[in-house]
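Hi,

Here is the structure I promised to pass along. Have a look, and then read on for what turned up in it.

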There are 2 protein chains.
Amino acid sequence: MTQNAEHRVVIVGAGFGGIYAARALRKAPVKVTVINGTNHHVFEPLIYQVATGVLSPGEVATPVRELLGKQKNTEVRLGWVTDVDPDAKTVTATGPGGAYTVGYDTLIVAAGATQSYFGNDGFAEHAPGMKTLDDALDLRGRVFGAFEAAEVATDPEERARLLTFVIVGGGPTGVELAGSISEIATRTLRGRYRNIDPASARVVLLDAVDRVLPTFREPLSAKAAKRLRKIGVEVRLGTKVVDVDADGVKIETTDGAERIDAAVKIWAAGVAGTALGRRLAEATGAETDRGGRILVAPDLTVPGHPEIFVVGESGTLNRLPGVAQVAMQGGTYAGRAIARRLAGKPEGKPFSYFDKGNMAVVSRWNAVAGIGPLNLGGPVGWLLWLGVHVFYLAGARNRTTAMFRWVISFLGRNRSEWSIPSSRMPS
Amino acid sequence: MTQNAEHRVVIVGAGFGGIYAARALRKAPVKVTVINGTNHHVFEPLIYQVATGVLSPGEVATPVRELLGKQKNTEVRLGWVTDVDPDAKTVTATGPGGAYTVGYDTLIVAAGATQSYFGNDGFAEHAPGMKTLDDALDLRGRVFGAFEAAEVATDPEERARLLTFVIVGGGPTGVELAGSISEIATRTLRGRYRNIDPASARVVLLDAVDRVLPTFREPLSAKAAKRLRKIGVEVRLGTKVVDVDADGVKIETTDGAERIDAAVKIWAAGVAGTALGRRLAEATGAETDRGGRILVAPDLTVPGHPEIFVVGESGTLNRLPGVAQVAMQGGTYAGRAIARRLAGKPEGKPFSYFDKGNMAVVSRWNAVAGIGPLNLGGPVGWLLWLGVHVFYLAGARNRTTAMFRWVISFLGRNRSEWSIPSSRMPS
């Protein structure tokens, strides 16, 4: 079913960048191949709600075929792209039956980023990050499993350790996780145990800088920190994590070093480039930032390689934040640029990011949102958050069920999805 | 928070038997401890819908604490019960922090059953069964993963093998799986691939006996087989599976031996007792059936041990079928019997099973149901199935979202939950 002599566009990754790029090419005279390591697109801003038992995996992870299956000029292939050869113009992927190679005329790398442990990759084992569906489901097991373990533990110190949750990184993900775990402890699980009081759980949010949500405007950071403290989260700023082991973390503040014993540690700090990004940089001689992400030209291409676009967190341009909107707009920009070239039109303007604003949920009915000149908080911020996320969620079905679950979990105190398969329950 | 001097009832297992037993004891002057190997109760009749991407894990698996958390006299502990000592009156469980022991005055074993491979336990690796949430999620990965692998496969024979699904066992689970996989191939995935036609998938349902649904009345078996064949399922009866390996199955019919190459094999035939059941039989000298399930007395106790009840599939009495209703009624019977004893009332009547009927979904809008003297099929059977399952599903929330998903997936052609985390995707 290949249409020969057509311009072949290969898109690596089906995150926001890849999906928006593919959609921007739907009417272009091209053959698009989207290669993704899993069968689904993840709505990353909501993945913490899978981890904390509000949403089901299917509500934040939509099969790529459901999103692009009707787009006639596009095929979707399962595979982890491991290599790119800019001379031969091919990418190599590891698929279900082994490795395969696909040729391209134009390549769009939208492969996202990985967690950065700032050189301490050994931390990963004990303080996993939350990028994939697997990460989120494992974290769900760790969080709810800790309460189960505490219920049958007999040693008070061990019980306290099991009921301590440390979140490293005060960005939106860290704030949302801290708020959610605090809710779980004080509301969802209230009255459900006989030997422990879930509300005695300690939720600690750490960040090396002096405020939470550092990419937001200062008044919003202050609002979020105040609210988090009100619901019982220990917000510790100017605090550096110097070690992580199975039993806890070691931190350094201006007051000196300290140890926090904690069964559950979550890493929500920093992003780094992927192995594929490093391969691409080597092969093209492109420069990277400290995290290994490619420094792209103003038109999102790799310098010297106008046929290779890098969008979203795989690349970096003008220190744009690693948010969904940057990837969506970058993907659309790349898709349109390719269509324009093929139509023989002159190159368009450089990529410019239109900042629609920032938002993060802090607790029940409470979110902070910076939209244009407005700094919103509390229930107004939350309603805005709700509207925006319902609008952007993929598919009418997910919108309906997610909205239903939000209303249920915010009105009542139950969460829909905290059953943990044995394989995800920590032993 | 233990209440001393109270009668201690330990319930092993939070399936239908365990939950109904605990609920029957809610007003009794006892301290109930429910020990379960996972944090959730599984609504087993619907677990195939998790495997086939219709329902989310949380819709069929409800946390035990959500079901019993408000019952003041009951505590819930996570643990796999590995041993029982009828003399010391204790059970030993492996919990999140290691082994622990709990003493009982009365014990209710409601630990379910395992898959029986009729002596060929080596089949399990290649043809897993579907008892747990893990099983269902793994199967989801196998089924949807096979289509992804076929899409990138280049060898036509391998492609055919990847698109062949063999289900062993024509009971309700086998029939429901065969019908669902056929639907996935012909409806859900239609038009979503470029290199394969999902509708070319082969779905083969095998059983050694001469009809499907052998525990149903004959006209219903005939209706179900006819419908399955109409939607393209190869129903092969009188067919014995003599070998299973990674690449397929070997079968024997009256016409001789044959090999079917198939990537996905599912075992839905036969149940056997658990390791705990065997331990209990050894310790009490109780007799077991061929599958290793305890032959219980007419009051569901272990002969000679009036303080030990065995309910649901852990035991066997009068060859009752392994259905939810038998476990529910057995659990309620055991709970009430204990309450009656403690109130000083005389022993009640022996357990008698009230057969409310049988039903199985065959395809979209089509189920067979035997209720009293009625043999129903088609849309009428399906509506009945819908009503009964909505009624019995745990919790208003699950009822609402499951109903929504059923309507969506039966009216439209999408399934809500077919995103597969990498760890569940076969490589």
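How many residues of chain B are in contact with chain A? The count is 58 residues of chain B against 58 of chain A, where contact means heavy atoms within 4.5 Å.

A word on the basis: this is a predicted model, in which local features need pLDDT of at least 70 and side-chain atom pairs count only at pLDDT 80 or more, while totals for chains, interfaces and linings use all residues. Residues are numbered from 1 along each chain as its sequence is written, chains are lettered from A and ligands numbered from 1 in the order in which they are written, and side-chain values use heavy atoms, leaving out hydrogens and water.

**The interface**

Between them, chain B and chain A bury about 5,000 Å², with 52% of it on carbon and sulfur atoms (buried area is the accessible area, 1.4 Å probe, that two parts lose on being put together, summed over both). B:Arg65, B:Arg194 and B:Arg397 supply 16% of the area that chain B buries against chain A, more than any other three residues. Four salt bridges are counted between the chains (a side-chain nitrogen of Lys or Arg within 4 Å of a carboxyl oxygen of Asp or Glu). In one salt bridge, the side chains of B:Glu59 and A:Arg405 meet at 2.9 Å, N to O.

Best wishes
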